[in-house]
Amino acid sequence: MKKTLTVPRGIQGTLAIVMVVALTLGSGVEGTTAADAEASPQYQSVQGAGSTWSANALDQWTRNFFDNYQGRVSYTASGSTAGRTLFSQGTIDFGVSEIPYTLSGSDAPDPKPKRPFAYIPIVAGGTSFMYNLAIGGQRVNNLRLSGETLAKIFTGVITKWNDPAVAKDNPKLTLPAITVVPVVRSDGSGTTAQFSSWMRSQYPAIWNAYCAKAGRSNCGITSNYPVVPGSAFVSQQGSDGVAGFVKGDAAGAITYVETSYALNEGFPVAKVLNSSGYFTEPTASNVAVSLLAAVVNTTAASPDYLTADLRGVYGNVDPRTYPLSSYSYMIVPLAIEGNFTVDKGLTLAEFVSYFLCEGQQSAEVLGYSPLPVNLASAGLEQAQRIPGGNPKNKTIASCNNPTFSPDGTNKLANEAPQPQACDKQGADQCLTGTGGAADTVTADSSGNASSAAATASAAAAAGAAGAVGAGGAVGAGGVPAAVDGKAVGLTAGGDPIVAGSPVDLPGRGLSLATLAFMLLAAVAAISLVFLPPMIARRRAAMAGIPRGPTRRRTDGSKKRQNSSQNRLRIPKVHLDNPFRKRGSAAASKGDS
């Protein structure tokens with residue numbers, strides 16, 4: 001006869017709860033899956049490659065985007081030329097470059113891709129000149145260079161740091177007679193293209209003569225820097241490569257690189273002479289002012305929509321202008337084809353909206369300049385063209401970009417400070433440092449009678465700025481002060497330039513279906529832990545097996561007791577004492 005297992009009431013209640021939850025949530029999941037799929041975006045990871053100039057900003061933004069939105073965007077800083085080529089081949093989802101396809105005046109063919117695409121501005125900044133120079137064992141942090149001097153340095157005309165042209169730009173410095181070591185990019189680079197474009201536009205005779213010497217028949221705007229064999233030029237790959245070389249024990253080295261790399265390395269950048277006769281550095285405010293003179297292609301139907309003609313920036317007469325200011329582009333697809341899917345389009349469009357708005361909050365600290373309102377607005381419109389993008393994406397009113405107010409008023413350019421009097425071309429020279437060495441002072445080595453007083457005054461000013469900077473401010477010139485090579489804080493000696501504030505980005509909540517399955521899994525896990533021992537005990541009780549320390553003695557225990565009693569007993573035997581009292585032996589009766 002089979003025994004029927006009776007489940008205890010407690011266990012019955014637990015099982016009932018599990019079943020009810022499973023049925024209820026299961027029906028809820030079935031009813032909400034379609035709605036959740038439509039309301040909750042399905043992010044798919046996207047991959048991009050290109051500009052090293054923009055890499056520091058993109059690295060930070062991709063991390064922030066994942067932390068706040070759980071969208072995965074990976075980026076490889078392989079150079080602008082590689083980014084444009086890989087995008088044309090369809091092997092990446094987006095490219096990043098400082099220059100567009102088929103740039104006018106380029107020295108090499110760069111055909112546009114067959115896949116539909118658009119340009120979106122990413123971030124603005126200045127091509128700066130990071131250097132490693134010392135006087136009497138003390139590093140120089142306040143170098144100034146005119147445009148012509150720069151052009152001659154990077155074409156091999158000026159080969160010594162004590163050249164009269166360099167001395168003229170730096171009246172408070174007695175520079176050493178060491179070799180100038182120009183460090184250029186060995187890979188295809190948008191930074192090289194921007195720099196060569198500037199030299200070709202402003203100093204065509206110097207640039208063309210150098211190109212001919214390097215064996216280039218057509219040396220227009222180039223992404224591959226020409227090098228004359230046997231010269232002091234050094235070629236390195238990537239922005240981190242050229243910056244790393246200058247940072248090393250390369251006395252006399254100078255390179256062109258995005259300002260953020262100099263900030264990260266704690267190194268100074270040269271102030272460059274602008275059209276108003278002031279030596280300026282590529283601060284966020286100076287770059288923003290400079291780009292107001294850029295001629296942006298605003299014809300939406302044009303394939304070059306949002307690309308810029310920077311010749312107006314080179315000659316901008318505003319005293320705050322930094323001549324080599326520019327911005328980079330993201331190249332995005334406008335059609336679902338190849339490996340690009342609707343879900344990838346959603347991820348890419350939301351990432352674009354993020355970096356055009358909240359992402360620009362960190363631009364200045366990273367060594368860049370936030371995009372002005374005209375470029376951010378046009379970029380948001382382009383994001384709507386990415387297939388799969390969210391039609392409810394951000395607008396200017398909801399875009400928390402630090403350069404403008406919700407009504408579109410340009411704040412950054414209006415609040416940018418004017419240059420100091422000592423930055424004016426002439427006999428005077430500011431002694432405070434720049435870039436990643438903004439909180440330092442370079443001693444006046446000109447030998448003038450007033451040099452000691454000028455150095456002491458500058459040191460006092462830098463010390464005050466450094467004290468403020470330690471609490472979160474920035475050094476002279478409106479750039480972030482460097483503490484152990486890292487940029488911190490805002491502008492010292494006045495109101496902050498960027499009126500940005502921390503933003504709580506909305507997290508991507510879990511869908512109802514996900515929550516339901518999580519709750520069901522928790523209940524099931526608890527049941528699996530507690531049900532087996534409860535059922536085992538119940539079965540033992542039904543089988544009559546005692547448990548615990550209070551169990552009664554069973555037949556088995558009785559048998560064990562009886563068996564112990566039936567063991568062989570050894571009889572007690574009484575033996576006579578063979579010894580007497582005094583130790584003498586007593587003979588037994590049987591002795592003879």
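Modeller: Start with strands S1 and S2 (residues 73-76): they run parallel and are joined by 4 bridges. Strands here are DSSP E runs of at least two residues, helices are H or I runs of at least four, and both are numbered from the N terminus. Two strands count as paired if DSSP finds at least two bridges between them.

Biologist: Before we go on, what kind of model is this, and which pLDDT do local features need?

Modeller: This is a predicted model: local features need pLDDT of at least 70, side-chain atom pairs count only at pLDDT 80 or more, and totals for chains, interfaces and linings use all residues. Residues are numbered from 1 along each chain as its sequence is written, and side-chain values use heavy atoms, with hydrogens and water left out.

Biologist: Back to S1. How does the chain cross from S1 to S2?

Modeller: Through helix H2 (residues 55-69), in a right-handed β-α-β crossover. Right-handed means that, with the strands pointing away from the viewer, the path from the first strand over the helix to the second runs clockwise.

Biologist: Which residue stands opposite Ala49 in S2?

Modeller: Thr76 does.

Biologist: And what does S1 pair with in S3?

Modeller: S1 is joined to strand S3 (residues 94-97) by 3 bridges, again in a parallel run. Gly48 has Phe94 as its bridge partner there.

Biologist: Why is S1 largely enclosed?

Modeller: Because 4 of its 5 residues (S1 is 46-50) are buried. Buried means under 20% relative accessible area, exposed means over 50%, and partly exposed is in between, using a 1.4 Å probe and protein chains only.

Biologist: What is the strand order of the 8-strand sheet?

Modeller: S2-S1-S3-S15-S4-S10-S8-S9, an open sheet with mixed pairing. S2 and strand S9 (234-236) are the edge strands, each pairing on one side only. From one strand to the next, the twist averages 25 degrees. Axes for such angles are lines fitted to C-alpha atoms, for helices over the stretch in contact, and angles run from 0 to 180 degrees between N-to-C directions.

Biologist: Parallel or antiparallel for S4 and S10?

Modeller: Antiparallel, with 5 bridges between strand S4 (residues 117-131) and strand S10 (residues 253-258). Phe129 faces Tyr256 across that pair.

Biologist: What is the order in the 3-strand sheet?

Modeller: S7-S11-S12, open and mixed. Strand S7 (144-145) and strand S12 (279-280) are the edges with a single partner strand each, so one side of each has no neighbour in the sheet. S7 and strand S11 (residues 271-273) run parallel with 2 bridges. Arg144 stands opposite Lys271.

Biologist: New topic. How many salt bridges?

Modeller: The count is 11, where a salt bridge is a side-chain nitrogen of Lys or Arg within 4 Å of a carboxyl oxygen of Asp or Glu. One of them joins Lys344 and Asp93, with the closest N and O atoms 3.3 Å apart. That pair links distant parts of the chain: Lys344 sits in helix H12 (residues 342-356), Asp93 in the loop between helix H3 (80-89) and S3, 251 residues apart.

Biologist: Buried or exposed, that Lys344 and Asp93 pair?

Modeller: Both are buried. Arg185 and Asp187 form another salt bridge, at 2.9 Å between the closest N and O atoms. Arg185 is buried at 2% relative accessibility, and Asp187 is buried at 11%. Arg320 and Asp318 bridge at 3.0 Å; both are buried as well.

Biologist: Which residues are linked in a network?

Modeller: Lys172, Asp428 and Asp444, through salt bridges.

Biologist: Which residues make the nonpolar surface patch?

Modeller: Ile526, Val529, Phe530 and Met534, with about 400 Å². Patch residues have over 30% relative accessible area and no salt bridge; like charges are joined within 9 Å, and nonpolar side chains (Val, Leu, Ile, Met, Phe, Trp, Tyr) within 5 Å. Areas come from Shrake-Rupley with a 1.4 Å probe, and for residues only the protein chains shown count as cover. Ile526 belongs to helix H16 (residues 512-542) and is exposed at 52% relative accessibility.

Biologist: Last one. Which loop holds Gln70?

Modeller: The loop between H2 and S2. Gln70 has a positive phi of about 60 degrees, though it is not a glycine, and is partly exposed at 37% relative accessibility. Leu306 also has a positive phi, near 80 degrees, but is buried at 2%.
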